[in-house]
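Here is a short report on backbone geometry.

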Amino acid sequence: MQLGDLPLFIAGDANADLSLLHEAADEGYIAGSITCFKRRTPLAIVFSEPGIAAVGQRFNQRVTSCLVGCVDFGTQGRALTAQTNQGVLRVYPDSGDYRILGAEMCAPAAEHLSHLLALAIQRQLTVHDMLAMPFYHPVLEEGLRTALRDISVQSATSQADFSHCNAYDTAVLD
């Protein structure tokens, strides 16, 4: 955000790039610092109902091959009981090491799901790392677990998660 060849930089909401508070704070720090600074995981949120969010790499910007895990909130338990059961979440991990690269969603509680995914991307967690973490019931984050399990089923490696178990052929248990 340098102004021409001048030793003058614009940070934050004054530029037309990313007018977000956390980006403005980072840009101000970068401009006044002489050390290297690693940017935060990209995060964009529209506070609507359902919420809209994109975190990490967008699907159309991915630089590596990826898998896609998806959940439709139309049938997700917590969303049904809260009568907010509309929307979809798609998660994009690398198809080689299953590291989460990005996600896009139009879903209930998108702002919370996107922050959870931004943390996972920033920490370079894999799908299987996340599946090993607790997902309590009944919460909307169980939708994220469903999308991660969708990816786990597609993965070449079997990990310790129910996604690789055979069905019981009983609706209540499956």
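The model is predicted.

**Cis peptide bonds**

Start with Glu 49 and Pro 50. A cis peptide bond joins them. The omega angle there is about 0 degrees. Pro 50 sits in a loop, with β1 (43–46) on one side and β2 (51–56) on the other.

Next come His 137 and Pro 138. They too are joined by a cis peptide bond, with omega at about 0 degrees. Pro 138 belongs to the loop between α4 (127–131) and α5 (142–154).

**Positive phi angles**

| Tyr 98 | about 65 degrees | not a glycine |

Where does Tyr 98 lie? Its place is the loop between β4 (88–93) and β5 (100–107). Is Tyr 98 buried or exposed? The relative accessible area of Tyr 98 is 8%, so this residue counts as buried, the cut-off being under 20%.

Ala 109 is in the loop between β5 and α3 (110–122). Its relative accessible area is 18%. Buried means under 20%, so Ala 109 is classed as buried.

To recap, the cis bonds are Glu 49 to Pro 50 and His 137 to Pro 138.

Conventions
Residues numbered from 1 in each chain as written. Predicted model: local features only at pLDDT ≥ 70, side-chain atom pairs only at ≥ 80, totals over all residues. Heavy atoms only, no water. Helix = DSSP H or I, 4+ residues; strand = E, 2+ residues; numbered from the N terminus. Buried < 20%, exposed > 50% of the residue type's maximum accessible area, 1.4 Å probe, protein only.
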